Amino acid sequence: MNDTAVKIEQVVEHYDRLADWSEVKEYYGGSDYLNFGYFEEDTKTQKEACENMMDQLLSCIADKSGNILDVACGKGATTAYLLRYYDPESVVGINISDRQLEIAQQNAPGVSFHNMSAMEMSFADESFDNMICVEAIFHFVTRVEFLKSALKRLKPGGSIVFSDMLMTWEGENRRQRRTTENFVPDLESYRSVLESIGFASVTVEDITEQSWRRHYRHATAYFHEQFLAGKLTREELSQRLHETYGRVPDLNYYLKVCCTK
Ligand SMILES: C[S@@+](CC[C@H](N)C(=O)[O-])C[C@H]1O[C@@H](n2cnc3c(N)ncnc32)[C@H](O)[C@@H]1O
């Protein structure tokens, strides 16, 4: 285990800083998503890619009746997307930041949001028909403990659908907000870990190309366009690229995962 085990205050501080950064919001087309998204061949914008990601994950939930929990709901863009299928009273969102939840409430009026860690969910057993978690589960210490808790809180036959990112051991070890406790070397091990938790069915799809790699191409091109338009200085361009390039050697897989109780 690394000695920089995920500190929740650092996670909040990081995402709160991004939450109020206008440049980030502009990149996301004025929306409040914060994930790599899912780029089809013809996807043009990051916002569209994030909507595609929601479609991808929700396609695993055949029966969209009952209620749904949005785990690590960010600023509620994912939650607002759920309102295409669900009434606000049937949707619950949790996150660990008051600031992000304040924005989430504006994006998804009528939904009940709670400042609650995914690792300390206070919901009763069998409370939810389904759960969704977009690009956050790798922060939870640990992913496995969270999934055990989610399984208990799902009704029989319910599903949890999520996107996940597997890094190299070095990446998990070196990066803040991640931990080697969540290191998994390959997809076979990943699937067997999920199955051992007790889900009745598990599907794991490698979407590294549609998500991370196409996001990488899109974002780096975008940064260059911003530079050409005089909206970024050379130093700012270098900073943005440095951070993006830095993920390349660390990131092994980006996954779409569907588990049913
Ligand atoms: C990459 S963002 C994804 C946000 C949102 N799901 C989206 O796709 O737009 C990760 C989110 O996970 C949240 N998060 C991290 N650790 C958490 C925890 N233990 N419990 C609940 N939320 C957490 C962060 O506050 C942040 O909003």
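Okay, hi everyone. First, the ground rules. What we have is a predicted model, where local features need pLDDT of at least 70, side-chain atom pairs count only at pLDDT 80 or more, and totals for chains, interfaces and linings use all residues. Residues are numbered from 1 along each chain as its sequence is written.

Let's start with the sheet. Helices (H or I, at least four residues) and strands (E, at least two) are DSSP runs, numbered from the N terminus. Two strands pair if DSSP finds at least two bridges between them. So what order do the strands of the open sheet come in? There are seven, running β3-β2-β1-β4-β5-β7-β6, with mixed pairing. β3 (112-115) and β6 (201-206) sit at the edges with a single partner strand each, so one side of each has no neighbour in the sheet. Inside the sheet, β1 (residues 68-71) pairs with β2 in the parallel sense, over four bridges. There, Ile68 stands opposite Val91 in β2.

Now the ligand. A residue counts as near it if its C-beta atom, placed from the backbone, lies within 6 Å. How many residues surround the ligand? The answer is 23, and the closest are Ala72, Gly74, Ala118, Val134 and Ala136. α1 (8-19), α4 (77-82) and β2 (91-95) each give at least two residues to that shell. By type, the shell has 14 nonpolar residues, eight polar and one charged.

Next up, α9 (residues 209-228). Buried means 20 or more other C-beta atoms within 10 Å of a residue's own, exposed means 12 or fewer, and partly exposed is in between, with C-beta atoms placed from the backbone. The buried residues in α9 are Gln210, Ser211, Trp212, Arg214, His215 and Phe223. They pack against α3, α10 (234-247) and β7. Just after α9, Gly230 has a positive phi of about 75 degrees.

Last stop: Asn52, which sits in helix α3. Is Asn52 buried or partly exposed? Partly exposed, because 17 other C-beta atoms lie within 10 Å. Contact here means C-beta atoms, placed from the backbone, within 7 Å. Leaving out residues up to four places away in sequence, Asn52 touches Gly37, Tyr38, Glu40 and Thr43. That's me done, thanks!

Note on methods
Ala, Val, Leu, Ile, Met, Phe, Trp, Tyr, Cys and Pro count as nonpolar, Asp, Glu, Lys and Arg as charged, and the others, Gly among them, as polar. Two residues are in contact if their C-beta atoms, placed from the backbone, lie within 7 Å.
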